[in-house]
Amino acid sequence: MPPRPSRSEQAAEIRDLLSEYHPPGAGFDEVVDPHGELRPGWDVVLAGLGEMGREELNRRWGQAQRLLRENGITYNVYSSDGTTERPWKLDPLPQVYGRQEWTALSEAVEQRARLLEVVLADLYGEQRAIREGTLPSALILGAPALLRPCHGQRPSGDAYLHLYACDLVRGEDGQWRVVRDRTQAPAGAGYALENRIILTRALPNLFQQMGAERLAGFFRQLRETLESLAPGGRDEARVVVLTPGPYHESYFEHAYLARYLGYTLVEGGDLTVREDRLYLKTLQGLQRVDVVLRLQDDHLCDPIDLDPLSTIGVAGLVQAARSGQVAVANALGSGLAEHPALSTCLPALCQRFLGQELLLPSLATKWAGEPGQAEAISSGMDARVLRAAEEGGVGEPIGPWSDDEARRRMADELARRPWRVAAQDLAAFSSAPGWDGERITARPSTLRVFAVRTPEGRYVVMPGGLTKIAGHSGQSLTSLRRGGSSKDTWIPLAGADQPPSLLPTPAEAIEIRRSPRDVPSRVVDNLFWIGRYMQRAEGSVRLLRGVLARLATDESLDAIPELPSLLDLLTSGGLVDGVPEDLHETAAREELEACLLSAFSDPALERGLAASLSSLQDLVRISRDRLSLDTWRTFSRLEAEGHPLTDEQPADIGQGVDRLDSLIIVLSALSGLIMESMTRSDGWRFLDMGRRIERANQGCALIRALLAEPGAGERGRIEALLEVADSIMTYRSRYLTALQAAPALDITFVDETNPSSVAFQLARLQAHVRDLPEHPDPGALSPLERRVLRALSQSRLAEVHELAPSDGTGLRRELVTLMDEMLADLSAIADAIIHGYLVHLKPSRQMGRLEPEAR
């Protein structure tokens with residue numbers, strides 16, 4: 001029903017915006033009440049949108065979508081076509097709730113969080129609820145999420161739930177109901193924060209007019225809570241964020257939260273337990289960890305005491321937590337509260353433990369473990385949503401939308417283990433507005449709210465949340481996996497409250513630091529290979545561009561004397577395959593062009609351009625918490641430029657050169673931003689070492705291929721060397737147009753003032769190696785230092801005028817020998833760095849496996 005005319009001057013614009021907003025007659029609408037009046041807050045929002053107009057709103061929406069892409073906000077979804085990453089979807093219209101309504105909802109969420117906390121404490125303690133019959137023993141004792149090794153264990157801060165979330169729907173009566181509790185590793189708070197940042201940039205004036213409460217206070221409370229959990233009240237608690245890794249659906253959120261809170265993002269392999277203490281593996285040695293904010297299922301956290309098949313856990317974590325030497329939030333075992341049938345007992349449990357009526361009920365739920373319920377549920381599967389308790393908490397919901405195979409598996413589970421299955425009535429979704437580019441339409445909606453426990457034992461609810469709506473008005477599911485979208489959620493400030501900040505107050509003294517506290521060895525390893533792949537991709541692009549640019553002319557292949565040497569480089573480097581053996585044949589040019597163009601996207605080339613770009617992209621994604629926002633945005637440009645390269649080959653030589661030109665610009669920008677925006681820590685040092693090794697290796701290979709044979713056509717080979725080595729302008733500024741081997745060799749090999757020369761790379765390597773953590777005998781040179789010093793000395797002692805002449809056999813044999821020795825030294829230097837600093841773990845044997853499995 002459209003609203004009655006408003007007294008505001010924008011009444012006409014509001015009516016126009018809502019002219020095609022038609023919520024279902026039987027459901028609850030979040031915008032308009034049954035009398036046609038706008039609900040609290042919506043008059044301000046719709047008036048602002050009406051004043052803005054459709055065209056401007058679409059422009060702002062486009063800006064928000066661009067920010068989502070540039071910031072790399074993704075949600076990983078595994079599908080049959082192999083796609084694992086989807087852009088995050090954000091609707092440009094906020095979801096608004098009035099302050100009074102939100103206060104009542106917050107009280108109900110706080111009560112439910114307290115109740116689940118008390119229930120968990122009882123189930124892992126005295127189990128009074130089971131003994132008294134308030135909870136059926138089969139429901140709990142048969143639950144896979146009951147972690148028996150954690151029974152009787154006192155959790156950190158005497159609390160199980162430090163962070164709590166629940167998914168809500170609102171029925172026609174306006175009553176909120178819980179669809180699912182999220183108690184072990186609640187996801188979504190980071191996405192809610194990113195939604196807020198994006199939307200306030202797209203709609204800054206509207207956000208200020210609304211006076212919505214900021215979210216920073218919630219995350220400040222989360223940080224205070226985590227740091228208060230440090231054993232023994234240790235000052236400067238070291239907190240880490242434990243993630244399952246880059247293939248988890250919410251990995252972006254894990255990296256984003258870690259960065260926002262100022263904590264180190266770690267995987268299970270980054271941690272080790274020694275004498276019941278948890279340590280982080282860094283280049284400086286083991287650093288003690290006080291608190292773990294775990295973002296993975298609890299049963300996967302320890303392969304010794306929990307799941308022996310887990311490859312992402314930390315062996316001994318349960319014992320370390322039991323001994324009180326490390327705090328884990330949420331406590332191990334808290335996933336038990338996610339059992340889908342527990343909600344059937346919550347009203348009675350609330351009376352038993354809190355002496356109160358349950359303020360926030362669940363959707364009507366039946367437990368199949370009760371006598372006769374399994375048969376009733378089985379016969380009515382088409383009208384219900386079924387969930388089964390699993391080791392990870394709760395399995396995927398099975399409903400009318402599920403395929404036959406999924407429904408068959410659920411029917412089998414219901415028949416074999418009914419105590420694990422619960423059935424909920426189909427949710428009656430409320431309607432919320434969604435923008436489709438032309439108009440506002442009514443969409444089914446759900447809301448996820450978050451609460452954090454304070455050190456005093458209260459729960460503070462985030463003033464906002466993660467609203468989800470269906471992808472279009474005819475869709476009934478709000479799941480992001482099935483095309484749904486998210487919304488920012490705005491709550492007006494209460495009175496004259498000041499918006500909090502995550503920054504310290506002026507009264508708080510900040511300890512001065514000039515280096516990161518924790519850089520896991522795994523992160524350093526990733527950064528080292530980012531440097532290598534970044535330079536390998538850039539060198540490959542320059543070499544391939546040099547060849548294609550020569551073929552773009554009308555000259556015959558015989559008139560390009562440097563071409564055979566360049567093609568040999570491409571072939572030996574693994575960049576192309578199938579170069580014609582005889583370039584003098586009539587069809588050679590067409591065959592050669594086809595071979596070179598196929599190199600853009602050939603997946604069979606393990607060291608090809610597409611493979612280097614793909615490896616670089618994978619490494620940058622999993623290292624995003626170490627990179628600046630501008631660097632990430634440049635990386636997004638690289639992906640935009642790189643995907644056409646790897647997806648399809650260019651139509652012709654000219655298009656290929658244009659693509660490579662664009663890619664050079666983006667790679668150079670990415671390299672420059674990474675090198676200039678990172679603090680000079682161990683991470684930066686290893687990234688730069690990887691880059692220097694790769695560039696020196698490319699330089700030596702270029703010199704050997706293009707200067708080994710003097711004589712006819714050498715001018716073209718020297719020009720190609722200077723061009724691919726990015727030194728042509730330096731040469732011309734010194735020697736005008738005279739091309740000779742000795743000065744070219746000096747610029748590309750010996751000159752330490754040229755940032756593209758081999759000597760420059762070796763000098764930087766020596767400086768880095770000198771600053772690496774000391775080896776056992778600091779008074780002597782390590783094998784790595786000896787290798788680098790040997791290579792650098794050879795470049796400094798090289799006499800270019802002695803290397804340039806031929807030895808009478810048609811070769812510059814001394815030059816060839818020197819380049820071969822340099823290439824061998826560079827390979828040994830890379831191996832020494834990898835084995836001396838980056839290979840810090842022997843292949844582990846996972847308990848329960850017959851074969852060792854490398855990480």
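How many salt bridges does the structure hold? The structure holds 46, a salt bridge being a side-chain nitrogen of Lys or Arg within 4 Å of a carboxyl oxygen of Asp or Glu. The model is predicted, local features need pLDDT of at least 70, side-chain atom pairs count only at pLDDT 80 or more, and totals for chains, interfaces and linings use all residues. Residues are numbered from 1 along each chain as its sequence is written, and side-chain values use heavy atoms, with hydrogens and water left out.

| Salt bridge | N to O distance |
|---|---|
| E30 and R170 | 2.5 Å |
| E101 and R170 | 2.3 Å |
| R416 and E413 | 3.4 Å |

E101 lies in helix α4 (residues 99–123) and R170 in strand β4, so this pair ties together parts 69 residues apart in sequence. Helices (H or I, at least four residues) and strands (E, at least two) are DSSP runs, numbered from the N terminus. R170 is buried at 4% relative accessibility, E30 is buried at 2%, and E101 is partly exposed at 30%. Buried means under 20% relative accessible area, exposed over 50%, and partly exposed in between (1.4 Å probe, protein chains only).

R416 and E413 both lie in helix α14 (residues 404–416), three residues apart. R416 is exposed at 55%, whereas E413 is buried at 10%.

The structure holds zero disulfides, defined as pairs of cysteine sulfur atoms within 2.5 Å. The sulfur of C301 is 9.5 Å from the closest cysteine sulfur, in C150, too far for a bond.
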